[in-house]
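Here is a short briefing on one protein model. Look over the sequence and the structure, then work through the points below.

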Amino acid sequence: MTDPINELDFEKNHYDLFNDWQMNETKEHFISVLSQQSSLDKTKLPVLLSRKELMKRWNMKNRQSIFQATNKPNFPKPVLSFSDGKIPVYLETDIIIFEIENPWVTTLETRIQYGHWVLKNVIDPD
């Protein structure tokens with residue numbers, strides 16, 4: 001089965017598509033094919049999360065907390081970055097794996113409990 005988008009010849013139809021300012025049959029056909037593909041593509045998009053969304057998800061109040069969490073060596077690598085790399089986004093599935101491996105990160109209460117555990121068992125075990 002061929003991909004309908006690959007059969008759209010933009011070069012051959014350039015004038016009808018981009019130089020004719022009126023709606024025409026070529027434009028209608030291209031828009032129809034592209035709209036169908038757009039609808040299909042939208043059903044396949046993964047859920048992506050930014051640092052700001054992670055802050056909300058984990059109820060963190062400041063950017064430093066999320067920065068520390070996302071800079072841990074075992075934190076998933078971003079799948080994309082926007083604004084010249086200033087806004088990394090992470091695959092939700094990778095974040096869920098990270099949460100399972102690091103359950104203390106998910107709520108303020110568990111982060112406090114983890115801090116107490118570290119103090120008692122790592123910093124001052126005696």
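Two rings of Phe, Tyr or Trp pair if their centres lie within 6.5 Å, with the six-membered ring used for Trp. By that rule, ring pairs link W58, F75, Y90 and F98 into a cluster. The model is predicted. The points below cover its rings, its core, its salt bridges and its sheet.

**Aromatic rings**

- How many aromatic pairs does the structure hold? It holds five.
- One of them joins W58 and F75: the ring centres are 6.4 Å apart and the planes stand at 90 degrees, so this pair is edge-to-face. Planes over 60 degrees apart count as edge-to-face.
- W58 sits in the loop between α3 and α4, and F75 in the loop between α4 and β2, so the pair ties together parts that are 17 residues apart in sequence.
- Is W58 buried or exposed? W58 has 0% relative accessibility, so it counts as buried.
- F75 has 3% relative accessibility and counts as buried too.
- F75 also pairs with F98, again edge-to-face, at 4.7 Å centre to centre and with 70 degrees between the planes.
- F98 belongs to helix α5, while F75 is in the loop between α4 and β2, so this pair ties together parts that are 23 residues apart in sequence.
- Both F75 and F98 are buried.

**The nonpolar core**

- In soluble globular proteins, nonpolar side chains tend to be buried together.
- The largest nonpolar core here has 13 residues. Those that touch the most other members are L54, W58, M60, I66, F75, I95 and V105.
- Which elements give two or more residues to this core? They are α3 (51-57), α4 (63-70) and α5.
- Take I95 as a case. Not counting residues up to four places away in sequence, I95 touches L49, L54, R57, W58, F75, P76 and Y90.

**Salt bridges**

- Side chains of opposite charge can pair when their charged atoms come close.
- A search of the whole structure finds two salt bridges.
- R57 forms one with E92, where the closest N and O atoms are 3.4 Å apart. R57 lies in helix α3 and E92 in helix α5, so the pair ties together parts that are 35 residues apart in sequence.
- R57 forms a salt bridge with E99 as well, with the closest N and O atoms 2.6 Å apart. E99 lies in helix α5 and R57 in helix α3, so this pair ties together parts that are 42 residues apart in sequence.
- Because these salt bridges share partners, they join R57, E92 and E99 into one network.
- How exposed are the three? R57 is partly exposed, with a relative accessible area of 32%. E92 is partly exposed, at 26% relative accessibility. E99 is buried, with a relative accessible area of 14%.
- The cut-off explains the labels: buried means under 20% relative accessible area, so E99 at 14% qualifies.

**The sheet**

- Three strands form an open sheet with antiparallel pairing, in the order β1-β3-β2.
- Which strands stand at the edges? They are β1 (48-50) and β2 (80-82). Each has a single partner strand, so one side of each is left without a neighbour in the sheet.
- Neighbouring strands are turned by 35 degrees against each other on average, direction ignored.
- β1 pairs with β3 (residues 87-91) over three bridges, in the antiparallel sense. L49 stands opposite Y90 in β3.
- Helix α5 (residues 92-101) packs on the sheet and touches β1 and β3. Its direction makes about 75 degrees with that of β3.
- Three bridges also join β2 to β3, and these strands run antiparallel. L80 has V89 in β3 as its bridge partner.
- β2 and β3 form a hairpin, with four residues between them. In the turn, S83 has a positive phi of about 55 degrees.

**A residue in helix α2**

- Q37 lies in helix α2 (residues 25-43).
- Is Q37 buried or exposed? Q37 counts as buried, at 17% relative accessibility.
- Leaving aside neighbours within four places in sequence, Q37 is in contact with D3 and I5.

Technical notes:
Residues numbered from 1 in each chain as written. Predicted model: local features only at pLDDT ≥ 70, side-chain atom pairs only at ≥ 80, totals over all residues. Heavy atoms only, no water. Pairing = 2+ DSSP bridges. Axes fitted to C-alpha atoms, helices over the stretch in contact; angles between N-to-C directions. Contact = heavy atoms within 4.5 Å. Core = buried A, V, L, I, M, F, W, Y, C linked by side-chain atoms within 4.5 Å. Buried < 20%, exposed > 50% of the residue type's maximum accessible area, 1.4 Å probe, protein only. Salt bridge = Lys/Arg side-chain N within 4 Å of Asp/Glu carboxyl O. Phe/Tyr/Trp six-rings, centres within 6.5 Å; stacked < 30°, edge-to-face > 60°.
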